[in-house]
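Me: I'd like to learn how to read charged residues in a model like this one. Can you walk me through it?

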Amino acid sequence: MAEAGGHAAAVAACVDAVLGSRGGANRVFEILELLAAEEEEAVACAVRACRRLFGALLERGELFVGRLPAEEAALAGACSAEHKYKVWMRHRYSSCLDCLSELLGHGSFQVKELSLCTLMKFVELEAEHPLVEAEWKGGFTFPRELLKIVVDGLIPLNEDASLLISRFQEYMEYDDIRYFVMKAVTESIGQVMQKTKERPLPFYQQNIFSLISPINMPNKERDMVKFMVKQDNREEWKVSKLQAHKQAFEKMWLSFLKHKLPTGLYKKVLVILHDCILPYMNEPTLMIDFLTVAYGIGGAISLLALNGLFILIHQHNLEYPDFYKKLYSLLDPSIYHVKYRARFFHLADLFLSSSHLPAYLVAAFIKRLSRLALTAPPEALLMVIPFICNLFRRHPACKVLVHRPNGPEDLSEDPYIMEEKEPSESRALESSLWELQSLQNHYHPDVAQAAAILNQSLSEIEDDISGLLELSAYELFDREVKKTTTDVPLEFEPVRGLFGKKNDIFAEHFTLE
């Protein structure tokens, strides 16, 4: 503790010396050297000192403004002492920024956080006191290069930086910060990913996702009122235009998603796609390539990819004739067993909700689901039977599958082609639902009772299956155990002889008084 206090006092003295007189300017090296110290507290003291020192120099205008010349050439020239001092101190400031960017990867989170906050304080101060000259009179300046250093530090290649990124999210509330962060991320992806030859970089790509997925885009231009850089003529500033933000947002996501992702990341992207990405893109249909690649992965990822395609078809007029063929191909025995079963049937219910779908297509889905139901667990059957009944209610033309007197009675007579990938060629409408009829003899009484509904005329009101989607085997068992039994009425008939006469011996034992 005493040593920590000694570091604090020493660096405070250095700061006072540098700010008090230009004769003490060389003491800045003592502070910069401490940034590379091994002791965590010493580094933290040095970071705080840099924040105080260079923050004051920026506010006092004592750093060189403009394209920074080489240090040796500037000091050897015939410039004024004032000019040489500002160039020299600006180089020290650049060294400080380099050290702080390296500290974003320090082993101590306290040092990381302190370095991040210090760098962002410098971003704020450089926005107020620019170190670059405006390209034209009255032009706008923003410390883009400094913010790019921060962004690069937040998305390292070989380390999970999610905790530091979460600390940075408060700065993303500034509209100009968010805009230039999106531009910096796009630039970083272009520089890093082209070197990998399409090989995924799990840490790097996960860090980018952690940084960009929480971005809260404005809905209207008048919502953009929070800027770190205060500009008088904001109407002329590109960063104040919603269209510019949408363009940067779209370019960032497209550059991120055009490269192969780690498998787990596809699912994370697809889950937020419809709420957080597509609504803010100028051309949402540009996501078709990503969704096509995601569909090829299989399982839950394929299903989520189809959800994205469904949104593009219905909300953005995308032409995608293979959509239902791809959904049909996802129907395999695993759909009744996987952990994402509830999501699958929720989305399938959404996809098949239109009453304008052709009868042959819906019949193919009904038939395939029924065939797969023969090996499904009871909890899945209690969900899929009402699901199929709802399809009959939406598409009455498919009821021929139930009401076909001379239809096939088992697998050997069934014309339905299970292996056919094209629904229109499966011959489903020529078949019957003997599979569900066989389920009326299921060992579980609830399943048998549910399947028996097909013997009756269906009501027009659809069944609410939302409560059945998450039904588990444990819940089904627990429900059976908790059933209360009532007295079962019995009809007693005494044993009689071969010719209808009462057998006296048996009557003594079995006749009730």
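Me: Leaving aside its neighbours within four places in sequence, which residues is Lys246 in contact with?

Reply: Keep in mind that this is a predicted model. Beyond those sequence neighbours, Lys246 is in contact with Met217, Pro279, Tyr280 and Asn282. Lys246 itself is found in helix H11, residues 242-257.

Me: OK, now pairs. How many salt bridges does the structure hold?

Reply: The general idea: side chains of opposite charge can pair when their charged atoms come close. Here there are 21 salt bridges. Take Glu173 and Lys226, whose side chains meet at 3.2 Å, N to O. Glu173 sits in the loop between helix H8 (162-168) and H9, and Lys226 in the loop between helix H10 (202-212) and H11, so this pair ties together parts 53 residues apart in sequence.

Me: What about Arg394: is it buried or exposed?

Reply: Buried, because its relative accessible area is 13%, and the cut-off for buried is under 20%. Arg394 also forms a salt bridge with Asp349 (2.6 Å, N to O). Arg394 lies in helix H18 (residues 378-394) and Asp349 in helix H16 (residues 341-351), so the bridge links parts 45 residues apart in sequence.

Me: And which residues gather in a patch of positive charge on the surface?

Reply: Those are Arg144, Lys183, Lys238 and Lys251. One of them, Lys183, lies in helix H9 (residues 175-193) and counts as partly exposed, at 32% relative accessibility.

Notes. Residues are numbered from 1 along each chain as its sequence is written. This is a predicted model: local features need pLDDT of at least 70, side-chain atom pairs count only at pLDDT 80 or more; totals for chains, interfaces and linings use all residues. Side-chain values use heavy atoms; hydrogens and water are left out. Patches are made of residues with over 30% relative accessible area and no salt bridge: like charges are joined within 9 Å, nonpolar side chains (Val, Leu, Ile, Met, Phe, Trp, Tyr) within 5 Å. Accessible areas come from the Shrake-Rupley method with a 1.4 Å probe; for residues, only the protein chains shown count as cover. A salt bridge is a side-chain nitrogen of Lys or Arg within 4 Å of a carboxyl oxygen of Asp or Glu. Lys and Arg count as positive and Asp and Glu as negative; His and the chain ends are not counted. The place of a charge is taken as NZ of Lys, CZ of Arg, CG of Asp or CD of Glu. Helices (H or I, at least four residues) and strands (E, at least two) are DSSP runs, numbered from the N terminus. Buried means under 20% relative accessible area, exposed over 50%, partly exposed in between (1.4 Å probe, protein chains only). Contact means heavy atoms within 4.5 Å.
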